[in-house]
Amino acid sequence: MEILKIPLFFSSLFSILIVSNTVDTITKTHSITGSNTIVSSGGSFEMGFFSPGSSRNQYLGIWYKNISVRTVVWVANREIPLLDSAGVLTIINPGSLALVHGTGNVIWSPNMTGSTWDPVAQLMESGNLVVRDANDQSGHFLWQSFDYPCDTLLPGMKLGKNFVTGLERHLSSWKSSDDPAPGEFTYRCDPQGYPQNILSRGSVELYRTGPWNGIGFSGRPNLKPNTIYKYEVVYTKEEVYYHYELLSSVISRVIMSHNGVLERWTWIDETREWVLYSTGPADNCDNYKLCGPNGDCNVGNLPPCGCLSKFVPRNQTEWGNGDWSYGCDRRTPLDCHNGDGFIKHSGYKLPDPRNSWFDRNMTLGECEMVCLKNCSCMAYANLDIRSGGSGCLLWFDELIDMKELNVNVQDIYIRMASSELVHSKKREIVAVTLALLVGLILLSISLIVYLRKRKRKNSQLNREGILMHKSEHGYTNKTQKEDLELPLFDFTVIADSTNNFSINNKLGEGGFGPVYKGTLEGGQEIAVKRISKNSSQGLDEFKNEVICIAKLQHRNLVKLLGCCIQGEETMLIYEYMPNKSLDYFIFDQSQSMLLDWSKRFHIINGIARGLLYLHQDSRLRIIHRDLKASNILLDIDMNPKISDFGIARSFGGNETEASTNRVIGTYGYMSPEYAIDGLFSAKSDVFSFGVLVLEIVSGKKNRGFYHPGHRLNLLGHVSVLIRSNLICVRKSYALI
Ligand code: AMP
């Protein structure tokens, strides 16, 4: 924006400034300057001047009024900071709002869509700053800040394009936490082909949500309708936009962070902090085009890239070297005029629709016919999955950026040569017969096992030694079996202590289920892990955790205070770790400032001691199997405590190694012999520890690591540097 000079009689201007903290409007006689602010009518948002982070520059911005951590949601003069506190937001003649510097320069002024002699600017309860005619209460605005988002999407804001006016609203990251000027990253709703949201760095796409399917984005199946907020994409002839609304009093916002990650944060009043609820990209397979055209990304595989069924790598050598960008080709070329057909694929993030065509009214059958007739049509799917599916979406040319999901939301039908269909039909018949047979056998076995388990379920936990006794503190130490001295908590005590498992008390969520903060009557703070009711795995993990950790005590292991088993409810109660988990510190640019080298060393040391205890010094020899940054909790003094023994295994006698068919743990931390062959031992824990050390030292995630020169993870990058003698191990962190 150009800096304009306008003729103003500044002495008279300043003399008429009447500033008030209680008003929500700026009029000809009410302006803001210095530390004065205006506040929206219900007290949710405040607008005034601020300096971000460690910067001394002054910006005019809007932030949450009632949140103790200053959280700016919109900035007016993003690119032109004020170097002193001589800025005034005022109404200037003829009829405009302007941010004026004491020297007479107009630093910022909104581009209004109409004119008026008597404008007022009002800060609405939604956080929207609007300019309207003073006498016009109809809701018609001459300008609104919601049309010019910065890095934050608030409820009610639109992300998208108005085809009539040409206005495009998108998020753009700040340059850094000290500089709100537009950074490299943007997040927009792109209607090309069919609407989806895309995160880009400059002109390079990094992540896309997948096309909208009427309920959600095809690549974000876990983002289901929920009780906190609802969201939708509206696509008409006039406009396309994504927006969300809050359904409860929870405060939630979406930001395009300056690190290039789209983040949804929720404010927790109790702990007075923002909690990160979801991110985009969510995993490695969300990296745009990671596996090239017709590739198939599966985050559970090592390496993650494969080809779609009946496709083969286009460049076998490069593929083998870990460069998947060439993608895959059909192993049997299409022969459009001799009757191609389609194979159904389920459980995929649908391909990039930017080269697609759609029709809202066609049935799936009609969709297939249209695709079949057009030789460059490569796939089709329903446009909308509501009410059993409707509409038609066709893809032309290559299928880009497909990812396997853990659930099936929508089927896609991919074009294949007829010969592939014959094979697949025959195989289908054999497979179906086999599956039916196996299914029948499995069903009978599971029925027997289930009935037996049910019979044993209640008595089993009791046999492990747990009796329910209630004392005046709400729990007691009485157990049947001597060496499992695990206190039992009463359900009502836990429910009271966690405000009835209020969302505001939620600390996080693990494989086990949600974790809540609680405060017992005497003031003792606890963390409560509540098993998700339908999770049979959760119950297994519960027992495992009780058996493993109840018998162990070490200052670098999280302390289990007790458990609660009542009716359907099964919970574990731990000492509360106020500094949450290590990942919260090391992967966050501002939090990581709090961890100097000696603290990091102290943490590494503590984890090593905890691990040594598990492997060598404890009563049982325990292999943790899921050592990672989010399973290291930090106490008030930043002492690390290993947590989450849900999948740990204890070794008896001389046993040093075991194998499993069910490889569970976290990719990125798993040793190759465990990930590939299911072999685990103390060594596989040490491998995970090594990854953790690299992450602590570098502040980078092993799997989220990005390097412009290659696609390796942090571990691969370090080994390349070591092999090429670019670093000696002692100095590696300085080069990462
Ligand atoms: P988990 O089920 O162990 O993976 O825990 C999920 C999340 O809950 C962790 O990442 C922590 O943020 C939080 N959490 C778990 N246990 C505690 C605790 N004892 N104190 C504080 N926060 C915890």
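User: What makes S17 and strand S18 (residues 179–190) a pair?

Analyst: Two strands pair if DSSP finds at least two bridges between them. S17 and S18 have four bridges, in the antiparallel sense. So the pair meets the definition. Strands here are DSSP E runs of at least two residues, and helices are H or I runs of at least four, both numbered from the N terminus. This is a predicted model: local features need pLDDT of at least 70, side-chain atom pairs count only at pLDDT 80 or more, and totals for chains, interfaces and linings use all residues. Residues are numbered from 1 along each chain as its sequence is written, and side-chain values use heavy atoms, with hydrogens and water left out.

User: What is the order of the open sheet of four strands, and which are the edge strands?

Analyst: The order is S17-S18-S19-S20, with antiparallel pairing. Strand S17 (171–176) and strand S20 (204–208) are the edges, since each pairs on one side only. The twist averages 35° from one strand to the next. That angle is taken between N-to-C directions, from 0 to 180 degrees, with axes as lines fitted to C-alpha atoms (for helices, over the stretch in contact).

User: How do you know that Glu-184 forms a salt bridge with Arg-201?

Analyst: A salt bridge needs a side-chain nitrogen of Lys or Arg within 4 Å of a carboxyl oxygen of Asp or Glu. For Glu-184 and Arg-201, the closest N and O atoms are 3.3 Å apart. The pair therefore qualifies. Glu-184 is in strand S18 and Arg-201 in strand S19 (residues 196–201), 17 residues apart. The structure holds 25 salt bridges.

User: Why is Glu-184 called partly exposed?

Analyst: Buried means under 20% relative accessible area, exposed means over 50%, and partly exposed lies in between (1.4 Å probe, protein chains only). Glu-184 has 45% relative accessibility, so partly exposed is the label. Arg-201, at 32%, is partly exposed too.

User: And why are Lys-349 and Asp-286 called buried?

Analyst: Lys-349 counts as buried because its relative accessibility is 0%. Asp-286 is buried because its value is 1%. Their side chains meet in a salt bridge, 3.2 Å from N to O. Lys-349 lies in strand S31 (residues 348–349) and Asp-286 in the loop between strand S25 (273–280) and strand S26 (295–297), so the bridge ties together parts 63 residues apart in sequence.

User: What makes Lys-344 and Asp-411 a salt bridge?

Analyst: Their N to O distance is 3.8 Å, so the pair falls within the cut-off. Lys-344 is in strand S30 (residues 341–346) and Asp-411 in strand S36 (residues 411–416), 67 residues apart. Asp-411 is partly exposed, with a relative accessible area of 22%. Elsewhere, salt bridges that share partners join Arg-208, Asp-283, Asp-286, Lys-349, Asp-401 and Lys-403 into one network.

User: Why is Leu-383 called buried?

Analyst: Its relative accessibility is 4%, so Leu-383 counts as buried. Leu-383 sits in the loop between strand S33 (377–381) and strand S34 (392–396). Leu-383 and Leu-393 are ten residues apart in sequence and 5.3 Å apart, C-alpha to C-alpha.

User: How does the span of helix H10 (residues 682–698) compare with the expected one?

Analyst: The expected span is 1.5 Å times one less than the number of residues. H10 has 17 residues and reaches 24 Å from its first C-alpha to its last, close to the 24 Å expected. Gly-699 follows H10, with a positive phi near 75°.
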